[in-house]
Amino acid sequence: MSINHKVYRDHAGTTTEWEDIHSKHGTAGYEYVKDIKKAHREQMNVDWTSAEASNINNDGPRDRNTDSDDSSDDEDFMDDDVDSKFMEEYRQRRIAALKAQQAQRAKEKFGRVTHLTRADYVKEVTEGSEDCWVALHLYKDSSEKCRIFAEHFNELANRHPALKCMKIISTDCIENYPDALLPTILLYNEKQMKKKWVGLKEFGGTKMDANSLEWEFAQEGAVKTDLESDPMAKKLITDAMEEALKRDLLAHQIEETE
């Protein structure tokens, strides 16, 4: 295995911490590190021998411990200890990151609206909300408002895969449930119903969209949102201004015809 990257060292004969780590753990392609270290120690011994000979000639012996590389083995042991700690810390951080990713993926396991039967209500909704939020849409295909809500409910489920989104025909869920109360949305968490919406009014009426739906769910803590304000509030103001403008134009046209 060849290693094709630039290596920056302090000076010739030294190795980097990165090289030392790979050499210690036997990474293929880093065999040259031991050769560099060996050559460095041999050169240090030569330098010391030359210096010592010079001192003898000058009748001024020097303390070998000052200039020799006898401590190189000890330094290698210290480097190995540091490398081991570094690799262990890196390993623990990596394990923690992988566990966090797995936990997040486990939460984000839905991502679509699934159909519910009456027999599975307790299991999928009540008990199923023990460790996640569950949103249930009571609907009928014949209801236009239900179709409007379903479109944006599908988008919400796609945006927030940690939210368990389900739907059930209203009369399958509750016998003789009035069509006038459709759509009805039930929000569960911790095995309890936390919120109930009847109709589309709180979502912005028939002009609702996925953002207004997300906003309402975020107010209950069921999803997270980057929205800073109710998106329908601006729409309602705009619609009111347009209505006022239309009335003014109509009044002006009537005045001109009189």
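Biologist: Which residue's side chain meets that of Glu-190 in a salt bridge?

Modeller: Lys-194, at 3.9 Å from N to O. This is a predicted model, and a salt bridge here needs the nitrogen within 4 Å of the carboxyl oxygen. Glu-190 is exposed, with a relative accessible area of 51%, while Lys-194 is partly exposed at 39%.

Biologist: Where does Glu-190 sit in the hairpin, and what is its phi?

Modeller: Glu-190 belongs to the hairpin of S4 and S5, where two residues lie between the strands, and its phi is positive, near 55 degrees. S4 and S5, the latter covering residues 192-198, pair in the antiparallel sense over six bridges. Leu-187 has Lys-195 in S5 as its bridge partner.

Biologist: How do I read the side chains of S4, and are they buried or exposed?

Modeller: In a regular strand the side chains alternate between the two faces of the sheet. In S4, Thr-184, Leu-186 and Tyr-188 point one way, Ile-185, Leu-187 and Asn-189 point the other way, and all are buried. Six of the six residues of S4 are buried, so the strand is largely enclosed by the rest of the structure.

Biologist: How many bridges join S2 to S4, and in which sense do the strands run?

Modeller: Five bridges join them, and the strands run antiparallel. One of the pairs to look for is Leu-136 with Leu-186 of S4.

Biologist: Which salt bridge involves Asp-179?

Modeller: The one with Lys-140, at 3.2 Å from N to O. This pair links distant parts of the chain: Asp-179 is in the loop between helix H7 (170-173) and S4, and Lys-140 is in the loop between S2 and H6, 39 residues apart. Asp-179 is partly exposed at 43% relative accessibility, and Lys-140 is partly exposed at 21%.

Biologist: What separates Arg-91 and Glu-88 in helix H4?

Modeller: They are three residues apart in H4 (residues 72-107), which means a separation of about one helical turn. Arg-91 and Glu-88 form a salt bridge, with the closest N and O atoms 3.5 Å apart. Arg-91 is partly exposed, with a relative accessible area of 46%, and so is Glu-88, at 37%.

Biologist: What span should helix H6 have, and how far apart are its end C-alpha atoms?

Modeller: At 1.5 Å a residue, the 16 residues of H6 (residues 144-159) should span 22 Å, and the end C-alpha atoms are 23 Å apart, which agrees. The buried residues of H6 fall within an arc of 165 degrees seen down the axis, so they line one face of the helix. They are Cys-146, Ile-148, Phe-149, His-152, Phe-153, Leu-156 and Ala-157. On the other side, Glu-144, Glu-151 and Asn-158 are exposed.

Biologist: Which elements do the buried residues of H6 pack against?

Modeller: Strands S1 (113-115), S2 (134-139), S3 (164-169) and S4 (184-189), and helix H8 (210-219).

Methods: Residues are numbered from 1 along each chain as its sequence is written. This is a predicted model: local features need pLDDT of at least 70, side-chain atom pairs count only at pLDDT 80 or more; totals for chains, interfaces and linings use all residues. Side-chain values use heavy atoms; hydrogens and water are left out. Helices (H or I, at least four residues) and strands (E, at least two) are DSSP runs, numbered from the N terminus. The expected span of a helix is 1.5 Å times one less than its number of residues. Buried means under 20% relative accessible area, exposed over 50%, partly exposed in between (1.4 Å probe, protein chains only). The arc is that of the directions from the helix axis to the C-beta atoms. Contact means heavy atoms within 4.5 Å. Two strands pair if DSSP finds at least two bridges between them.
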